[in-house]
Number of protein chains: 2
Amino acid sequence: MADIIHRVGIKAPISKVYEALATVEGVAGWWTKETTGESKPGGTIEVLFSTPAGKRIGGMKMEVVTLEPNKKVHWRFISGPEEWIGTDAIFDLSQEGDYTIVLFGHKNWRQAVEFMAHCSMKWGTFMMSLKELVETGRGKPSPNDVKIDNWN
Amino acid sequence: MADIIHRVGIKAPISKVYEALATVEGVAGWWTKETTGESKPGGTIEVLFSTPAGKRIGGMKMEVVTLEPNKKVHWRFISGPEEWIGTDAIFDLSQEGDYTIVLFGHKNWRQAVEFMAHCSMKWGTFMMSLKELVETGRGKPSPNDVKIDNWN
């Protein structure tokens with residue numbers, strides 16, 4: 001098993017960060033505009049990704065495992081890239097002074113493949129997008145996401 | 001053991017990317033302006049980090065383990081944060097179409113601690129800085145690096 005982990009600090013109340021992670025509207029503001037579904041425990045959220053020109057390049061569905069207000073959001077991927085199925089995305093929130101700290105993990109990859117290295121970089125840019133969304137009101141969700149390599 | 005891995009694609013000849021990784025001047029252009037030492041196998045490089053106001057916040061020394069032109073750069077950290085000592089930074093280069101692909105690993109952490117999550121995010125921003133340096137001539141090395149949380 002292999003994990004991606006990132007830590008980001010956001011100058012905002014913990015409730016604002018939680019809202020950006022625990023609602024469909026929030027996720028659409030930093031990860032992908034094409035976010036639909038029901039963000040509640042046991043619910044399913046679908047995220048789709050397209051190029052700026054509108055060509056679909058991928059997507060996944062996740063089950064909402066845990067929503068603990070101002071503390072934790074936990075998703076499990078149930079469809080999408082083969083490598084993602086059965087993996088977990090977990091956001092643990094805490095307050096340190098002026099910052100809300102997000103400890104992010106995309107955990108339980110079966111192998112540390114090259115695609116995982118791509119996803120690690122990409123999650124890093126999406127964590128910055130989350131920070132920008134909450135701090136400034138404007139993130140960089142797909143299709144206006146930061147491009148990092150020849151895969152996306 | 002735990003590893004940070006990232007994949008970035010840079011629209012530039014592989015020799016330009018290698019130069020940015022294998023020379024002191026190159027590293028000073030994307031990681032930290034305060035880079036000194038000798039970049040040759042068996043040589044030692046020191047990197048220091050300061051705030052924009054000039055306050056020293058940290059640093060490390062690494063031994064250059066491998067320099068394989070246009071293929072690989074491998075450093076091993078010999079002083080700095082306790083968690084970094086004995087860990088390896090490895091950059092594997094390859095060409096894919098117009099892109100030079102950098103497979104980066106900061107490997108052999110003894111534990112996947114919160115500081116590793118911070119460093120994973122931070123390496124992501126430095127990989128973007130490397131990409132910007134090589135593609136545009138201007139990176140974001142410390143002290144002008146992207147700040148991600150309350151630690152730096």
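Analyst: Let us begin with a term: two residues are in contact when heavy atoms of theirs lie within 4.5 Å. Please keep in mind that this is a predicted model. By that criterion, 28 residues of chain B are in contact with 28 residues of chain A.

User: How much area is buried between chain B and chain A?

Analyst: Buried area is the accessible area that two parts lose on being put together, summed over both. Here about 2200 Å² is buried between chain B and chain A, and carbon and sulfur atoms give 61% of that area. On the side of chain B, the residues that lose the most area to chain A are B:Ile5, B:Arg7 and B:Met121, which together account for 31% of what that side buries.

User: How many salt bridges does the rule find across the interface of chain B and chain A?

Analyst: The rule asks for a side-chain nitrogen of Lys or Arg within 4 Å of a carboxyl oxygen of Asp or Glu. Across this interface it finds four salt bridges. In a salt bridge between B:Arg7 and A:Asp149, the N to O distance is 2.9 Å. The rule for polar contacts finds 18 residue pairs across the interface.

User: Which elements give two or more residues to the side of chain B that touches chain A?

Analyst: They are strand E1 (2–10), strand E7 (99–109) and helix H3 (114–136) of chain B. The largest share comes from H3(B), with ten residues. By residue type, the side of chain B that touches chain A divides into 15 nonpolar, six polar and seven charged residues.

User: What rotation superposes chain B on chain A?

Analyst: In general, a rotation about an axis and a shift along it relate two copies of a chain. In this model, a rotation of 180 degrees with 0.0 Å of shift along its axis superposes chain B on chain A, with an RMSD of 0.0 Å. That is the relation of a two-fold axis. Of the residues of chain B, B:Gly124 comes closest to the rotation axis, its C-alpha being at 3.0 Å.

User: May we close with a pair of strands within one chain? In which sense do strand E2 and strand E3 of chain A pair?

Analyst: Strand E2 (residues 34–37) and strand E3 (residues 44–50) of chain A pair in the antiparallel sense over four bridges. A:Thr36 stands opposite A:Glu46 in E3(A). E2(A) and E3(A) form a hairpin with six residues between them, and A:Gly42 in the turn has a positive phi of about 90 degrees.

Conventions. Residues numbered from 1 in each chain as written. Chains lettered and ligands numbered in written order. Predicted model: local features only at pLDDT ≥ 70, side-chain atom pairs only at ≥ 80, totals over all residues. Heavy atoms only, no water. Buried area = accessible area lost by both parts, 1.4 Å probe. Polar contact = N/O pair within 3.5 Å; in protein donor to acceptor, adjacent residues only side chain to side chain. Nonpolar A, V, L, I, M, F, W, Y, C, P; charged D, E, K, R; others polar. Pairing = 2+ DSSP bridges. Least-squares fit on C-alpha atoms with pLDDT ≥ 70 in both.
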